[in-house]
Amino acid sequence: MSHSPDLKGSSFTLSVLHLSDNDVIKTVNFLNEKVQQAPAFFANAPVVINIAKVDGEIDFAALKHGISEAGMIPVGVTGCKDKRTQTLASEANFAVMSASKSPSQAPATLAPTKIVRAPVRSGQQIYAKDCDLVILSHVSEGAEVIADGSIHIHGTLRGRAIAGASGNKDAVIICNKLNAELMSIAGHYWLTEQFAKEYWQQKVMFSLDNDSLKFELVTI
């Protein structure tokens, strides 16, 4: 067995902050609001900044400081239009990244479904690695359920549900009654205020379609 370090390629699900302009103060205020809404989800979360739509120079040093002060970890910048922008980002100690064009995929072999029979209490976190997750009871406010596959909740979802955690865009979340704080598929997420009223307290399926999140009522 080799005891030497090894360097391999891998893939991770990261939050991507898409900027529309170079107003750093506005961006930092936006991040602070999001972190206050779901502190457990965003605390120390790695984030990549997409600047493809930005015209004009960005104060990368101020942007990096603001992201760190908000409690997130700035990882890199993608969408640089020219060499100068790449240089400015690098000087602020951002990694200059290119978005992958290959779709994220689920593991080749899924593990058996993880089944949780007891209620998931506030402060608890359940993670189903490389498999689907079935919760036979409810998920309390302040609790978090995570799966690399899909999540099925037979009770009320009041906490946070994160499916496709390893990048599986085909994952879904189904819950018997929607009262969630946050729902996420493959790094795309909605907070409570983004849920349309007609789905609130209903049996729903949450999915990702062409990088757009959507709810569907489940009538059976």
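This is a predicted model: local features need pLDDT of at least 70, side-chain atom pairs count only at pLDDT 80 or more; totals for chains, interfaces and linings use all residues.
Strand S9 (residues 151-157) is mostly covered, five of its seven residues being buried. S9 pairs in the parallel sense with strand S7 (residues 133-135) over three bridges, and His 152 in S9 is the bridge partner of Val 134. A parallel pairing over five bridges also links S9 to strand S11 (residues 173-178); Lys 177 in S11 stands opposite Thr 156.

Nine salt bridges are present in the structure. In one of them, Glu 193 is joined to Lys 34, with the closest N and O atoms 3.9 Å apart. Because Glu 193 lies in the loop between strands S13 (188-191) and S14 (204-209) and Lys 34 in helix H1 (residues 24-37), this pair ties together parts 159 residues apart in sequence. Glu 193 is partly exposed, at a relative accessible area of 49%, whereas Lys 34 is buried, at 14%.

A further salt bridge connects Glu 181 and Arg 160 (3.1 Å, N to O). Glu 181 lies in the loop between S11 and strand S12 (182-185) and Arg 160 in strand S10 (residues 160-163), so parts 21 residues apart in sequence are tied together. Arg 160 is buried, with a relative accessible area of 10%, while Glu 181 is partly exposed, with 21%.

Lys 214 and Asp 209 also form a salt bridge, their closest N and O atoms being 3.8 Å apart. Lys 214 is partly exposed, as is Asp 209. Through shared partners, salt bridges join Glu 144, Arg 160 and Glu 181 into one network.

Technical notes:
Residues are numbered from 1 along each chain as its sequence is written. Side-chain values use heavy atoms; hydrogens and water are left out. Buried means under 20% relative accessible area, exposed over 50%, partly exposed in between (1.4 Å probe, protein chains only). Helices (H or I, at least four residues) and strands (E, at least two) are DSSP runs, numbered from the N terminus. Two strands pair if DSSP finds at least two bridges between them. A salt bridge is a side-chain nitrogen of Lys or Arg within 4 Å of a carboxyl oxygen of Asp or Glu.
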